[in-house]
Amino acid sequence: MSMNWSQLLSRQRLGSKDQPTSTTSRTDFQRDFDRIVFSSAFRRMQDKTQIFPLSKIDYVRTRLTHSLESSSVGRSLGTLVGEQIIARHKLKGYEASDFGDICAAACLAHDIGNPPFGHSGEDAIRHWAETADYGRQRVAVLNGSQREDFLNFEGNAQGFRVITRLQNRDNPGGLQLTCATLAAFTKYPRESCIGKGRFDGVSAKKPGFTAEDQENFETVAKAVGLIRRDPVLSIWHRHPLSYLVEAADDICYRVIDIEDGFRLGHLSYQQALDLYSDILADSSIQTSRLKRIGGNKEKVEFLRAKVISKAISEILSCFLDHEPAILKGEFDDPLMSSIPHRQEMDRLIQVAGEKIYIAPEVIEIETAGFQVISELLERFIPIIDDVAEHGTNATPRSQMMIRLIPEQFIGDDAIPVQDDYTRLLRLTDFVSGMTDSYAVSLYKKVTGISLPG
């Protein structure tokens, strides 16, 4: 059994009955990119943490800039791969740029579901569901994937939810992106109740969609022809282009985090130079050209660009070598783990972990952010449950505080839905969609730390 590229590149739009159409001005996959760019969830990423939360330094990257950088690399990777795949399989009706546009759109959205304060925000939601006084009891009444959606809360699964349900919420399928882009976006095509280690491979490492969104993903998987890995459990082999989406993300955060660390004083120029030079040691980078560049900042920028170019070249070769196995579901490792300079690329993230990710300004804010998210969840869900159970007889405090939550995260006419799972899921939609600054501001208000005006 093998996936085929003609189906993998499906232009079918989730939730739309319209037939795919391409014009000379914009293709279906370019429309995917545009729809993501103009979504409110994408805009909010400008105030969501990449590494340094709530930074006052204008240079520091946010989730927005990281996503744009990843998208640029993804477009390059996809286009280069597309040229070879079209020739190798004699595909008709597709251009190399279609592969690039799919990867660019998927990369653009790859972090769109991440909560405030980076990965510590994900940890905070999981920790709340497992240990908080009210949260633990609240989650315990759920079963299967409904319970694991919170105990194993995952930004990737939330991202699929954002682009297929929460954005343009009156539309079936949300943004109604093509199934090719949605499948390439989903790095982990499995439900949340499948424990770690039950299935081999990187694609089974995390959940990729919530229980409520399982039907949507099944539609996507069927449209593009993903290979199902179990007759009962909801788990599939990856879409081939998702390996390129993952690689683009890996390249950007590994390589550019080192540049950020240098710019913010956590790494010396010599440390950054050595790390980059180890990857470029066998490349034709002219030492004389580097010497002609005036400042250390500019030299690091030059080397960063060369390292990214080198990584793209190696990822391209790696993908093409493994493409037959990928189509059969027989290859399931990150491409980054199979390139010639994998050890040197791993060294980048190792050093970042030792020098950058544990910087005091990172730990201090992420620790505070952990408290902010946990406290918001612990305060709001009892309020919503109270109103759901007692209606107008709920406590005055509940009837007042529920007004702080937008109607879309409560229910029609601001009446909480009766289903326990859906009610909790909508609250995590609300909290995970917040920007860093808004989460802190709301936390201060509900705890009485600060008052409006």
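Author: Let us begin with a term: buried means under 20% relative accessible area, exposed means over 50%, and partly exposed lies in between, with a 1.4 Å probe and protein chains only. This is a predicted model, in which local features need pLDDT of at least 70 and side-chain atom pairs count only at pLDDT 80 or more, while totals for chains, interfaces and linings use all residues. Residues are numbered from 1 along each chain as its sequence is written, and side-chain values use heavy atoms, with hydrogens and water left out.

Reader: Understood. Is D149 buried or exposed?

Author: D149 is buried, because its relative accessible area is 7%. The residue lies in helix α8, residues 144-151. Helices here are DSSP runs (H or I, at least four residues), as are strands (E, at least two), and they are numbered from the N terminus.

Reader: What does D149 touch?

Author: Leaving out residues up to four places away in sequence, D149 touches S192, F209, T210, A211 and Y421. Contact means heavy atoms within 4.5 Å. The side chain of D149 also reaches the backbone nitrogen of A211 at 2.9 Å. That pair is a polar contact, meaning N or O atoms within 3.5 Å; within protein, one must be able to donate a hydrogen and the other to accept it, and residues adjacent in sequence count only if both atoms are side-chain atoms.

Reader: And how far is D149 from R169?

Author: The C-alpha atoms of D149 and R169 are 20 Å apart in space, and the two residues are 20 positions apart in sequence.

Reader: Let us step back to the whole chain. How many helices and strands are there?

Author: The protein chain has 20 helices and zero strands. Its C-alpha trace spans about 75 × 50 × 45 Å along the principal axes.

Reader: What share of the residues is buried?

Author: Of the 453 residues, 56% count as buried. As for contacts with a separation of 6 or more, 73% are between residues 24 or more positions apart.

Reader: Turning to H110, where is it?

Author: H110 sits in the loop between α5 (96-108) and α6 (118-131). H110 counts as buried because its relative accessibility is 4%.

Reader: Which residue does the side chain of H110 join in a polar contact?

Author: The side chains of H110 and D249 are joined by a polar contact of 3.3 Å. Not counting residues up to four places away in sequence, H110 touches H66, S67, S70, N156, F185 and D249.

Reader: What is the phi of F117?

Author: F117 has a phi near 65°, a positive value in a residue other than glycine. Most residues other than glycine have a negative phi. F117 is found in the loop between α5 and α6, and it counts as buried at 1% relative accessibility.

Reader: What about A414?

Author: A414 has a positive phi of about 60° although it is not a glycine. Its place is in the loop between α18 (396-401) and α19 (420-432). A414 is partly exposed, with a relative accessible area of 36%.

Reader: A change of topic: which helix holds Q7?

Author: Q7 lies in helix α1, residues 5-8, and is partly exposed with a relative accessible area of 32%. Beyond its neighbours up to four places away in sequence, Q7 touches K222, A223, V224 and G225. The side chain of Q7 reaches the backbone oxygen of A223 at 3.4 Å.

Reader: Finally, where does Y443 lie, and what is it in contact with?

Author: Y443 lies in helix α20, residues 436-447. Y443 is buried, with a relative accessible area of 15%. Leaving aside neighbours within four places in sequence, Y443 is in contact with Q371, V372, E375, L376 and I449. Y443 and I293 are 150 residues apart in sequence and 47 Å apart in space, C-alpha to C-alpha.
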